[in-house]
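Please read this report with the sequence and the 3D view side by side, and look up each residue as it is named. The text starts with a pocket and then turns to helices and sheets.

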Amino acid sequence: MSKELPKQARVVIIGGGVVGCSTAYHLTKLGWKDVVLLERKQLTCGTTWHAAGLVGQLRATMNLTRLAQYTAGLYETLEEETGQATGFMQRGSIAVATHKERMEELLRGASMAKTFGLEVETMGPDEIKSMWPLVNTDGVVGGVFLPKDGQCNPTDTTQALAKGARMGGATILENVKVTEILTRDGRAVGVSTDQGDIEAEYVVNCGGMWGRELGHSVGVNTPLHACEHFYIVTEPIAELTNKLPVMRIPDECAYYKEDAGKLLLGAFEPGAKPWGMDGIPEDFCFDELPEDFDHFAPVLEAAMKRLPILESSGIRTFFNGPESFTPDDAYLLGEAPELKNFFMACGFNSIGIQSAGGAGKVLSEWIVEGHPPMDLWDVDVRRMMPFQGNKTYLRERVTETLGLLYDMHWPYRQYETARGARQSILHDRLASRGACFGTVAGWERPNWFAPKGVEPKYEYSYKRQNWFEYAKAEHMAVRENVGIFDMSSFSKFLVQGRDAETVLQRICANDVAVPVGRAVYTQWLNERGGIEADLTVTRLAEDRYQIVTAGASGVRDFDWLNRHIPDDAHAFATDISSGLVVLPVMGPNARALLQKITDADLSHEGFPFATAREIEIGYAKLLALRITYVGELGWELYIPTEFAPDVFDRIMAAGEEFGLKPCGMHVLDSCRIEKAFRHFGHDITDEDTPVEAGLMFACAMDKSIPFIGRDAIARQKDEGVPKKRMLQFLLQDPEPLLYHNEPILRDGEIVGRVTSGNYGHALGGAVGMGYVDCPDGVTKDYVESGKFEIEVAGERFAANASLRPMYDPKAERVKQ
């Protein structure tokens with residue numbers, strides 16, 4: 001390896017693990033030769049070297065599965081390309097279920113795999129036994145087999161990627177420690193090392209468990225924390241064959257891998273042990289952590305019952321090493337919102353080997369092209385909130401996230417650790433009314449309300465959960481009477497200045513050059529016409545606008561906004577999220593209720609849809625915005641935080657005669673999906689356009705200031721009927737439930753997948769949103785002439801399909 005430290009480079013990559021080497025490899029594949037990778041000690045010496053080397057392909061979402069599939073394909077050919085052995089073998093993998101709910105989870109995953117083109121087979125206990133003869137199948141319900149899954153030698157694979165990168169022109173230097181990330185004018189411009197400085201256009205944080213401190217040193221939020229990860233390797237076992245697939249038994253927290261005649265048994269157990277709270281030792285290099293047999297013993301005891309041969313097998317290695325974990329078990333990828341040209345790929349939650357190929361590829365394309373090549377929101381670092389880099393929060397959360405990799409992935413499952421970080425000022429009032437809280441972006445939000453005498457606690461299932469009937473009552477209250485929500489978790493921005501209108505006209509697809517007091521529903525698009533944000537913009541004054549978007553996308557949207565305000569524009573964005581409580585009062589009786597406590601004219605003529613007015617309730621002056629995300633008459637009330645408790649109490653008191661019902665987030669979602677309102681991150685992403693999503697009504701194609709992405713949208717419109725289009729589906733059988741990623745079939749052929757699903761209590765069945773594809777265009781006739789079905793856990797159910805909302809298609813209820 002080259003020993004001379006260059007003075008400059010186009011890209012400097014910090015960290016010589018598998019992800020750093022993959023990023024260097026893929027940058028050279030894109031023609032960038034001036035790439036320097038710096039490793040503080042030796043390649044793989046942090047966590048890569050002790051990885052189990054599993055190369056699974058089925059992930060939680062389509063694009064992450066696509067990346068894992070790419071990784072497997074890359075590793076299959078890497079040795080031939082570079083001459084460096086990787087140890088890659090495609091023996092497949094089996095996931096085993098020991099109870100019916102786990103089997104349904106596996107079957108739902110198998111159905112999902114079909115939409116990704118991934119080969120998968122369902123198996124019974126006898127078939128599992130025939131493939132893994134040593135396993136005791138007592139209690140086994142079944143499983144799934146993915147024949148294309150593989151395994152590799154992590155160190156050899158990393159060396160092959162490094163060799164490929166060097167063959168492409170990259171410089172890889174070991175024993176060079178980065179001591180400082182150099183910045184200027186809000187962007188990364190190089191690094192200082194213990195051997196000198198390197199100027200660079202881009203800096204990439206592939207620092208693994210050192211990644212948080214690297215980011216923190218330049219004010220970049222990088223929420224990850226190391227945990228102790230355990231496995232054992234047995235003495236040679238004669239009965240093992242070298243054809244065995246990897247076997248995962250998540251109900252027992254265990255995975256099994258044949259390794260050169262020995263057996264590797266690893267664990268993802270609940271109650272994990274955080275590590276590195278006081279920092280990582282300076283000389284850390286291929287280090288192991290102290291044994292903790294007591295911690296691993298429950299996994300080993302269950303394993304000896306599952307594989308009785310372990311009782312007579314010696315243990316050659318008891319291994320304990322650190323791995324970095326994030327608050328949500330998804331890695332951190334992309335450009336930091338706090339610092340331009342500073343990218344990251346770290347926090348891989350023990351799936352770095354199977355993720356590295358795809359992650360390195362898309363990150364390189366992101367750097368070279370200036371935008372992500374596909375929807376990467378699941379791993380985009382902008383999903384993280386600033387507080388999530390807090391050490392105490394991370395230390396508590398990762399005790400849970402390690403084990404969640406193998407725990408049940410229940411619908412609506414809520415985290416149990418590091419709770420209570422962000423609370424509405426109304427939290428205690430809502431709790432006293434039976435709220436069962438969930439968490440999004442750290443916000444504690446009521447998901448549903450338990451009646452008196454019922455504990456507000458989830459009982460999880462893939463079928464109807466214990467809150468189903470309570471949510472139905474809330475849902476029908478909104479549809480037939482009136483309900484109230486606490487949506488304080490909305491992200492809220494002010495854009496002020498004499499150029500505010502001009503700036504927002506360029507950013508917003510819809511026309512925001514509207515009179516003061518008008519609200520506009522709009523998307524923000526990228527140059528390719530993809531949807532970057534979905535939000536409302538309200539004009540408060542000639543030089544002031546309020547923007548309201550989802551709490552989960554607040555960092556992303558604020559970053560997009562600021563990056564698109566020209567340096568010479570007199571326009572300034574401020575995040576005011578904490579300053580306002582938001583109380584949507586929704587339903588046919590919303591007007592009658594609110595009119596009792598305010599003298600403002602709330603008639604349709606006096607307060608039309610999509611208008612905003614300052615009104616008085618009690619002692620407060622607040623902004624009332626007539627808009628809805630549930631498809632009913634209603635107002636969102638934006639209240640200064642300190643006045644909100646009094647306003648809430650007055651609404652609840654006035655609502656007694658109407659039977660006002662507090663409602664949770666599950667009902668907000670079930671109502672919006674009945675009305676076919678899109679949800680960013682599920683139904684619309686930066687890969688989807690307004691043409692495909694049915695949102696062209698929110699694109700002002702002829703306004704005087706062309707919006708970002710207008711030309712791309714115009715070209716797509718000129719092409720005629722789109723080949724991909726969003727539809728709404730209603731299952732004809734009222735029993736099955738839809739969540740997401742279920743295959744959509746037309747006349748027996750898979751044509752798409754469900755992007756989001758919930759139960760439509762007013763429509764009488766499960767409702768799903770989803771795109772369908774047709775090379776000749778998704779026309780009205782295509783929709784009406786086909787027989788649609790949706791596959792749920794391997795079973796197909798007939799579905800009605802529609803281009804228009806099935807509930808109130810003309811929006812008459814909203815505008816009464």
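In this predicted model, the second largest pocket is lined by 30 residues, and those that lie nearest its centre are G554, V555, F558, D559 and N562. The volume of this second largest pocket is about 580 Å³. Which helix gives the largest share of the lining of the second largest pocket? That share, six residues, comes from helix 13. Helix 13 spans residues 554-563, and both this helix and strand 28 (572-575) supply at least two residues each of the lining.

A contact between two helices comes next. The axes of helix 2 (residues 62-82) and helix 8 (residues 352-369) come within 7 Å of each other and cross at roughly 100°. Because angles of 65 to 115 degrees count as roughly perpendicular, helix 2 is described as roughly perpendicular to helix 8. On the side of helix 2, the residues that meet helix 8 are L67, A68, Y70, T71, L74 and Y75, while helix 8 brings I353, Q354, S355, A356, G357, G358, K361 and V362 to the contact. The residues of this contact of helix 2 with helix 8 divide into eight nonpolar, five polar and one charged.

The sheets can be followed strand by strand. Strands of a sheet pair through backbone hydrogen bonds, either parallel or antiparallel. Six strands form an open sheet with mixed pairing, in the order 30-31-32-29-23-33, and the edge strands, each of which pairs on one side only, are strand 30 (612-617) and strand 33 (661-662). Another open sheet, also with mixed pairing, is formed by three strands in the order 20-22-21; its edge strands are strand 20 (422-423) and strand 21 (435-440), each pairing on one side only.

| strand 30 and strand 31 (residues 620-625) | antiparallel | six bridges | I617 with A620 |

Conventions:
Residues numbered from 1 in each chain as written. Predicted model: local features only at pLDDT ≥ 70, side-chain atom pairs only at ≥ 80, totals over all residues. Heavy atoms only, no water. Pairing = 2+ DSSP bridges. Helix = DSSP H or I, 4+ residues; strand = E, 2+ residues; numbered from the N terminus. 1 Å grid on protein atoms, 1.4 Å probe; cavity = no way out; pocket = protein on both sides within 12 Å on 5 of 7 lines; lining within 4 Å. Points joined across faces, edges and corners; volume = space filled by probe spheres on them. Axes fitted to C-alpha atoms, helices over the stretch in contact; angles between N-to-C directions. Parallel < 35°, antiparallel > 145°, perpendicular 65-115°, else oblique. Contact = heavy atoms within 4.5 Å. Nonpolar A, V, L, I, M, F, W, Y, C, P; charged D, E, K, R; others polar.
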